[in-house]
Amino acid sequence: MQALFSSRLISPGSLVTVVGALLTVVGSVAYLNDNANLSLPTIFYGIPILLGGLALKSSELPPPLRLTPPQALRELRQQTENLALSRLLADVSRWRYGQKAHLESSLEALKLWDEDNPPQLASVEERNEANRYGLLLRFDCQGVAYQRWQALEDRLGRFFGPGLRCTVSQPAPGQVDVMLSAAGEDG
């Protein structure tokens, strides 16, 4: 069984919420014990930090499931011809705030967006096929027909970077796999 790797464990929103809650509790306890020197600054900072953390939590989008260990294809990923794919991987592996989906603006520009049911990036997997680095992006997309993805297959590779080729497939109804890889000499 393939190990699943992700930076999904601790979100920045969760961290800010916990810090704000901790400061608020410490300040409240200090206030109840008549310790004004400790209660004033901790409550003064704790409540806004807590509210900010809760606001982040309400709009956060976790990174997709990363199916490949980060160290597995490091050397291949860092080759200059794979720079566009490395940047794409770094972009989709982050926590997002205030967005409906990863790659939202890219999918909108490609006309692969449905406002009511946008495609969701479910997982990302790094691949080494014939010594060429590639990324397999699996989207859950009920609102965008597979035929629209197929029609843009040639454009998808060029859109994400120079020298990239794209293969679109449908592993199951409602899912689309987008395989991006360096084109090499033959592509």
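This is a predicted model: local features need pLDDT of at least 70, side-chain atom pairs count only at pLDDT 80 or more; totals for chains, interfaces and linings use all residues.

Student: Is Ile-10 buried or exposed?

Tutor: Ile-10 is exposed, because its relative accessible area is 61% and over 50% counts as exposed.

Student: Which residues make a nonpolar surface patch with Ile-10?

Tutor: Leu-15 and Val-19 do; with Ile-10 they form a patch of about 290 Å².

Student: OK, on to helix 1. Which of its residues are buried?

Tutor: Gly-13, Thr-17, Gly-20, Thr-24, Gly-27 and Ala-30 are buried in helix 1. They cover an arc of only 165 degrees around the axis, so they sit on the same side of helix 1.

Student: Why would residues three or four places apart point the same way?

Tutor: Because an α-helix has 3.6 residues a turn.

Student: And what covers the buried residues of helix 1?

Tutor: The cover includes helix 2 (36–58), strand 1 (60–61) and strand 3 (96–97).

Student: Which exposed residues are on the face turned away from the buried side?

Tutor: On helix 1, that face carries Leu-15, Val-18, Leu-22 and Val-25.

Student: What comes just after helix 1?

Tutor: Asp-34 is there, with a positive phi of about 55 degrees.

Student: New topic: which residues are buried in helix 4?

Tutor: In helix 4 (residues 83–92), the buried ones are Leu-85, Ser-86, Leu-88, Leu-89 and Val-92. Seen down the axis of helix 4, they fall within an arc of 160 degrees, so they line one face of the helix.

Notes. Residues are numbered from 1 along each chain as its sequence is written. Side-chain values use heavy atoms; hydrogens and water are left out. Patches are made of residues with over 30% relative accessible area and no salt bridge: like charges are joined within 9 Å, nonpolar side chains (Val, Leu, Ile, Met, Phe, Trp, Tyr) within 5 Å. Accessible areas come from the Shrake-Rupley method with a 1.4 Å probe; for residues, only the protein chains shown count as cover. A salt bridge is a side-chain nitrogen of Lys or Arg within 4 Å of a carboxyl oxygen of Asp or Glu. Buried means under 20% relative accessible area, exposed over 50%, partly exposed in between (1.4 Å probe, protein chains only). Helices (H or I, at least four residues) and strands (E, at least two) are DSSP runs, numbered from the N terminus. The arc is that of the directions from the helix axis to the C-beta atoms. Contact means heavy atoms within 4.5 Å.
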